[in-house]
Structures are given as C-alpha cells and as structure tokens.
Amino acid sequence: MTVPHPAPPSLADQIEDLLPQTQCTKCGYNGCRPYAEAIAAGNADINQCPPGGAQGIARLASLLGKKVIPLNPVNGLERPRSVAYIDESLCIGCTLCIQACPVDAIVGAAKQMHTVVTSLCTGCDLCVAPCPVDCIVMYPVSGDATGWDAWSQTDADEARARHDFRTQRLRRESEENEARLAAKAVAKMQEVTQEVPATPDELAEKERKRAIIAAAMERARAKAAASAAAKTDAPSPNTPKKDA
C-alpha cells in the first residue's frame with residue numbers, strides 16, 4: 001500500500017513560520033497569517049513587522065531572495081518586548097480587554113477584576129486601547145533585547161497555538177449561539193402560526209409577526225450558508241494552506 005506524501009508547505013505557510021505570532025496587527029493586517037498571505041501574494045512588503053524587527057526582515061529576505069531593508073516606521077519601531085499589566089484597583093470588569101486579547105492571556109469575568117497571565121502575553125498591546133478606565137500599561141521585560149533576541153521560536157509556536165485555539169473556540173461559540181437563535185425562531189414561528197385572530201387587526205398583527213420572524217430566519221440561513229462556504233474554502237489546521 002502506497003502512503004501519499006503530504007503536500008509541501010505553501011509559500012504563505014513558510015512565511016508564516018518565520019513571523020513571531022504576536023498577532024499585534026501592527027503590520028496592517030489582522031494577524032500574522034493574513035500578513036503572510038499578503039506577502040506571498042505580493043501585496044505587502046517584508047518590513048512591516050515591528051516585533052520581528054531587523055532579524056525578522058532578514059529571515060523573510062533570505063526565504064524570498066529579497067534585499068534586506070529597514071523596518072517601515074509607519075508600522076512602528078523595534079522595541080524591547082513588553083507585557084501587559086492591569087491595575088486591579090482600577091479594573092471595572094468590562095471584559096473589553098479579554099475580547100481584544102488574541103491569545104487568551106487575560107482571565108476574568110464580567111464585573112470582576114481581570115488579570116494578565118504574563119507568561120502567555122505576547123506584548124501585542126491590543127488590550128490597552130479598549131480599556132475605558134486606562135488601567136492597562138505595558139512593561140518592558142526583555143531589557144535591551146529586541147526582535148527575535150527578545151522572543152523565541154518556542155514562544156512563537158505557543159502563541160500561534162493559543163491564537164488558533166481561540167479562533168476555533170470563538171467560531172464554535174458563534175455557531176452554537178446561531179443554532180440556539182434559529183431554534184428559538186422556529187418555535188416562535190410555530191407559536192404565531194397557531195394563533196387564531198378574531199379581528200382584521202389581529203390578523204394583520206399576526207402576519208406582521210410572521211414576516212419579521214421569517215425575515216430573521218432568512219438572514220440566519222444566509223449567514224450560515226456564507227459561514228459554511230468560508231469554512232469550505234479555508235484550509236483546515238491539518239492540511240496545507242493555499243497561498244492568497
């Protein structure tokens with residue numbers, strides 16, 4: 001029996017493997033994977049990742065056979081690695097920082113104090129801006145070391161795994177919520193359908209309710225179809241990804 005060999009990694013895969021996986025979006029894209037796909041497609045340059053710094057640019061240049069160029073200051077500056085810290089005495093438990101963290105490094109609950117698990121924090125600082133009480137600050141933790149001197153491949157691999165897990169969890173929670181809403185809409189439609197109007201006004205109100213529920217159900221169906229199509233087009237975590 002011949003076992004098929006796995007397809008070689010795509011160019012976008014190879015580029016993504018060289019990125020620090022901080023998911024900071026400073027490159028101008030919504031995470032490291034979209035940036036990798038943009039580089040592979042020729043839509044982004046190799047000097048847009050401040051966390052990777054000069055070493056990161058050199059890595060990408062070597063892979064792609066390009067000239068090493070300076071980091072684009074529009075995307076930020078190469079700095080020592082920082083981690084987020086929450087002043088717990090000021091935290092109001094709004095959960096906005098938890099929603100913003102791309103690697104689930106913040107723990108807490110609504111109306112309860114939050115805290116950052118510093119060993120998991122990538123220093124992306126995406127949690128700072130949403131905080132309505134300015135209780136989050138970034139503290140440098142790598143001394144004078146910047147770029148890949150302040151980060152490691154193990155750090156990148158672990159951050160990438162947490163980011164992928166979070167993405168899958170949010171997708172699953174969204175699908176479960178949509179399923180609950182769909183079931184609720186079906187039940188409501190059955191309830192309205194069984195109503196027996198006694199007057200023209202009641203009949204008109206019944207039809208109005210039916211139209212509203214039907215429209216909501218159609219929107220849900222369209223959203224589910226779009227989500228299913230996107231999932232079909234997207235590569236699974238266990239299969240090679242296609243270039244953008």
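Guide: Strands here are DSSP runs of at least two E residues, numbered from the N terminus. The model is predicted. Start with a loop.

Visitor: Where does Lys111 lie?

Guide: Lys111 lies in the loop between strand E2 (106-107) and strand E3 (115-116).

Visitor: How do I read its backbone? What is the phi of Lys111?

Guide: Most residues other than glycine have a negative phi. Lys111 has a positive value, near 65°.

Visitor: Is Lys111 buried or exposed?

Guide: Lys111 counts as exposed because its relative accessible area is 77%, and the cut-off for exposed is over 50%.

Visitor: What about Thr22? Where does it lie, and what does it touch?

Guide: Thr22 also lies in the loop between H1 and H2. With a relative accessible area of 5%, Thr22 is buried. Leave out residues up to four places away in sequence, and Thr22 touches Cys32, Pro51, Pro102, Thr122, Cys124 and Trp151.

Visitor: Cys32 brings me to H2. Which residues of helix H2 are buried?

Guide: Helix H2 covers residues 32-40, and its buried residues are Cys32, Arg33, Tyr35, Ala36, Ala38 and Ile39. These buried residues pack against helix H1 (11-17) and helix H3 (53-64). After H2 comes Gly42, with a positive phi near 80°.

Visitor: Now the cores. How many residues does the largest nonpolar core have?

Guide: In soluble globular proteins, nonpolar side chains tend to be buried together. In this model the largest nonpolar core has 19 residues. Ile86, Ile106 and Ile136 have the most contacts inside that core. Strand E1 (82-86) and helix H5 (153-193) each supply at least two of its residues. E1 gives the largest share, 3 residues.

Visitor: What is Ile136 in contact with?

Guide: Set aside its neighbours within four places in sequence. Ile136 is then in contact with Ala84, Tyr85, Ile86, Cys97, Cys127, Val128 and Cys131. Apart from this core lies another, of 15 residues, including Ile15, Ala36, Ile39 and Ala44.

Visitor: Cys131 is on that contact list. How many disulfides does the structure have?

Guide: A disulfide is a covalent bond between the sulfur atoms of two cysteines. A search of the whole structure finds 0 disulfides.

Visitor: Last, the surface. Which residues form a nonpolar patch there?

Guide: Tyr85, Val137, Tyr139 and Val141 form the patch. Together they have about 380 Å² of accessible area. Tyr85 is also among the contacts of Ile136.

Visitor: Where is Val141 found, and why does it count as partly exposed?

Guide: Val141 is found in the loop between strand E4 (136-140) and H5. Its relative accessibility is 47%, so Val141 counts as partly exposed. That class runs between the 20% and 50% cut-offs.

Definitions and conventions
Residues are numbered from 1 along each chain as its sequence is written. This is a predicted model: local features need pLDDT of at least 70, side-chain atom pairs count only at pLDDT 80 or more; totals for chains, interfaces and linings use all residues. Side-chain values use heavy atoms; hydrogens and water are left out. A nonpolar core is a set of buried Ala, Val, Leu, Ile, Met, Phe, Trp, Tyr and Cys residues joined through side-chain atoms within 4.5 Å. Buried means under 20% relative accessible area, exposed over 50%, partly exposed in between (1.4 Å probe, protein chains only). Helices (H or I, at least four residues) and strands (E, at least two) are DSSP runs, numbered from the N terminus. Contact means heavy atoms within 4.5 Å. Patches are made of residues with over 30% relative accessible area and no salt bridge: like charges are joined within 9 Å, nonpolar side chains (Val, Leu, Ile, Met, Phe, Trp, Tyr) within 5 Å. Accessible areas come from the Shrake-Rupley method with a 1.4 Å probe; for residues, only the protein chains shown count as cover. A salt bridge is a side-chain nitrogen of Lys or Arg within 4 Å of a carboxyl oxygen of Asp or Glu. A disulfide is a pair of cysteine sulfur atoms within 2.5 Å.
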